[in-house]
Amino acid sequence: MPAGFPDFRLGSVLATSFTATLTERHGDAVERIPTPRRLIDWLAVSGLDVESCSAAELDLARELREAIHATATATALQEALPAPAVRVINEHSARGRSVAVLTPTGERRWRVSGVEDALSVIAADAISIIAGERDGRFALCASPTCRAAFFDASQSRTRRWCDMNTCGNRQKKARFNANQRKTPGAAR
């Protein structure tokens with residue numbers, strides 16, 4: 001990955017990994033796809049290789065990302081889905097001409113010819129999880145600065161953080177430090 005950019009947060013669910021290209025939404029937001037080239041990089045690590053991306057396509061990707069985030073958040077909160085966001089997701093899903101292919105090792109890969117095709121795959125993935133076609137549930141990250149919507153497929157469905165290595169560790173460290181300040185004579 002090119003130096004100077006924050007690392008991607010990749011999970012096992014394509015649509016929510018895509019929404020994680022903007023993190024700390026309620027704090028100092030971190031944009032992980034600030035340039036068209038960076039979107040190409042994210043698509044490549046997500047198995048959706050494209051050769052080029054324009055600034056207009058980056059804008060479309062961000063529009064889809066925010067629509068997925070809005071619907072995932074509404075789903076997690078058990079609220080009505082926002083109609084404008086649903087429209088954006090459906091439009092992106094309908095635009096693409098992607099093809100699923102089976103590799104010799106039994107993995108599914110996507111054959112896409114451009115960003116529009118890749119975005120249609122992401123939109124279709126979002127539709128699948130929002131429609132409840134997968135075993136799991138949407139939840140919101142317990143970090144007050146993050147509040148990312150994530151798909152919890154854990155057995156107990158009680159995950160609290162979008163990513164234990166970032167938000168979870170940060171919250172646990174803050175709680176530990178607060179407890180250390182409250183305990184007189186705590187080792188420093």
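How many residues apart are Arg-37 and Asp-41 in helix 2? They sit four residues apart, about one helical turn, within residues 36–45; the views below start with this pair.

Before you zoom in, note that this is a predicted model in which local features need pLDDT of at least 70 and side-chain atom pairs count only at pLDDT 80 or more, while totals for chains, interfaces and linings use all residues. Residues are numbered from 1 along each chain as its sequence is written, and side-chain values use heavy atoms, with hydrogens and water left out.

**View 1. Arg-37 and Asp-41 form a salt bridge (a side-chain nitrogen of Lys or Arg within 4 Å of a carboxyl oxygen of Asp or Glu).** Their closest N and O atoms are 2.9 Å apart. Asp-41 is buried (under 20% relative accessible area, with exposed over 50% and partly exposed in between; 1.4 Å probe, protein chains only), at 9%.

**View 2. Glu-31 and Arg-62 meet in a salt bridge, 3.7 Å from N to O.** Glu-31 belongs to strand 2 (residues 30–31) and Arg-62 to helix 3 (residues 55–76), so the pair ties together parts 31 residues apart in sequence. Helices (H or I, at least four residues) and strands (E, at least two) are DSSP runs, numbered from the N terminus. Glu-31 is partly exposed at 23%, and Arg-62 is partly exposed at 23% too.

**View 3. Arg-65 pairs with Glu-66 in a salt bridge, with 2.8 Å between the closest N and O atoms.** Arg-65 is buried at 3%, whereas Glu-66 is partly exposed at 31%.
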